[in-house]
Each structure stands twice: as structure tokens, then as C-alpha cells.
Amino acid sequence: MTKLIDSTAIIHDGAKLHPSVKVGAYSIIHSNVTIGEGTVVGEHCVIDGLTTIGKNNVFYRFCSIGGNPQDKKYSGEQTSLEIGDCNTIREFVTINTGTAQDVGTTRLGDDNWIMAYVHIAHDCQIGSHTILANSVQLAGHIHIDDWAIVGGSSAAHQYIHIGAHSMTGGMSAIRQDIPPYILGAGQPYRPAGINSEGLKRRGFTPEQIHAIKDAYKIIYMRKLSTADAAEEIVRYQQDHPDTASVLDPFVSFFETASRGVSRG
């Protein structure tokens, strides 16, 4: 029978590991950590803080998960980290707990692909099915919605919101919010169209993609204010009821945008 926890690993009293969890050599699991069924923790990982991890996640070697937030305002408050199911977290990834100045919890959803050297700072809220390529650096309080892709070595300013199904090219400097469905890159980031290929792969119909392209033109080619663009999209929805729902993410995004929308 294969031994699931290496003899050199340290599991602190109070840690709650499902019997099926595997822990590699020299890894350390601290006392307030809960890990669900089927999760694999590679060699030389450290998991601490008030951290809850779901099922069937894989942490590659040298991850640092649940460390204190890198925020000078942090003074020892009990904050937390929540990680869902079926995430792949590659080498040297760091994910911090939250802060009392925000919701107090950093969250990572399900089925995310987090590549090597990614940093996810305090209070980030990451959805599901996202891809963060190598060395993506997320400051605190960032929200990333489902199916978003962020290219390697990109960096995002704190409080940024990156919309669902968007795709950001590598080495981008993200200083303002990126709406859903948008394709772009640059230093600073600039929009360059919609993520058509990604939408096709996820089952969006040609009619839905056409509606998204029309919304893109409203936002980026008519030089409207954010509020006016949102109103114009609502009018477009009224005129095109068959594809109206696919534009709802645009409307809700504009209602909550906190740092202004990236326009290039």
C-alpha cells in the first residue's frame, strides 16, 4: 500500500486532512488548515493560516499557501483563505489570506489553472475555470471572473476587476478594469477586440458573438462615457431580445467598475 504522507512531512496538531490526501516530502501543514478528499500536496510546500482547501486539488512543489497578507496595515487579525475543488497550482505559487480592511477572505474557485510563480495577494476573489499564466502578479483586492485568461508576467493594480471570458496578453500592465469578453494587451493594457476564439470554444453561438462585437463597438468606437455606453447597451438589448442575456455581464460590470474601464 502506498504511503500517502511522507515521513519527512510535518502535520501540525489540529490540521484536518481527508484520509485520501497525499503530502510530499518536507511539506508543512499548519494547525488551522483543512484539506479535502483527493488533494495532493507536493514536496516542500507550506500551507498555513486559516485555510480551507476543497477536493482534488494539486499543489506542485514549493508552493506557499495561506501566508499572512503582505499589507503593512495587517496586525494579526484572523483572516482566511478558501480554495475550491480541482485546481492545479504549479511551482512557487504564493496565495495570501485576506485583511480586515476588506472581506477578510481570499478566494479561489474551482478548476483554475495557476501556473508557476503566480502571486495572488490578500482579498483577491478569483472565480472558476480561469488561467493565470507564469509569473502573473495580482495585487490585493482584485476580482477575476470565470473563464478569464491572464498572460504570463502580467501585473494588475489593486482593486482591478477583470471580466469573464476576457483574455489578456502576456507582460500586460493592467491599471484599470477589463470588461468581460475583451481581448487586449500592452503596457499599459489596451483593448484589441473580443475573445472570439475563446467564446467559440465555450459554445457561444454566432449570434451571441455578433452581439458582443456590437457591444464592443459601442464601448470602444463611439467614445461614449461609461454610463452612456451602459445605457446604449441596454437599448441594444431591448432591440435584440434573442441575444440580450449575453450582454448582461457588460451592464453589471459597468455598474460595479471601481477604477474606470481600460480604453487604450
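In strand β14, Thr-105 is the bridge partner of Ser-80, where strands are DSSP runs of E with at least two residues, numbered from the N terminus, and helices are runs of H or I with at least four. The model is predicted, so that local features need pLDDT of at least 70 and side-chain atom pairs count only at pLDDT 80 or more, while totals for chains, interfaces and linings use all residues. Residues are numbered from 1 along each chain as its sequence is written, and side-chain values use heavy atoms, with hydrogens and water left out.

Strand β11 (residues 80-83) pairs with β14 (residues 105-108) in the parallel sense over four bridges, pairing being assigned where DSSP finds at least two bridges between two strands. Strand β8 (residues 50-53) also runs parallel to β11, joined by four bridges, and here Thr-51 stands opposite Leu-81.

An open sheet of nine strands, paired in parallel, has the order β1-β4-β7-β10-β13-β16-β19-β22-β25. Because β1 (10-11) and β25 (173-174) stand at its edges with a single partner strand each, one side of each is left without a neighbour in the sheet. The partner of β25 is β22 (residues 155-156), joined to it in parallel by two bridges, with Ala-155 opposite Ala-173.

The domain assignment, whose bounds come from an automatic or database source, gives domain 1 (10-141) and domain 2 (198-256), and their centres, taken over C-alpha atoms, are separated by 35 Å.
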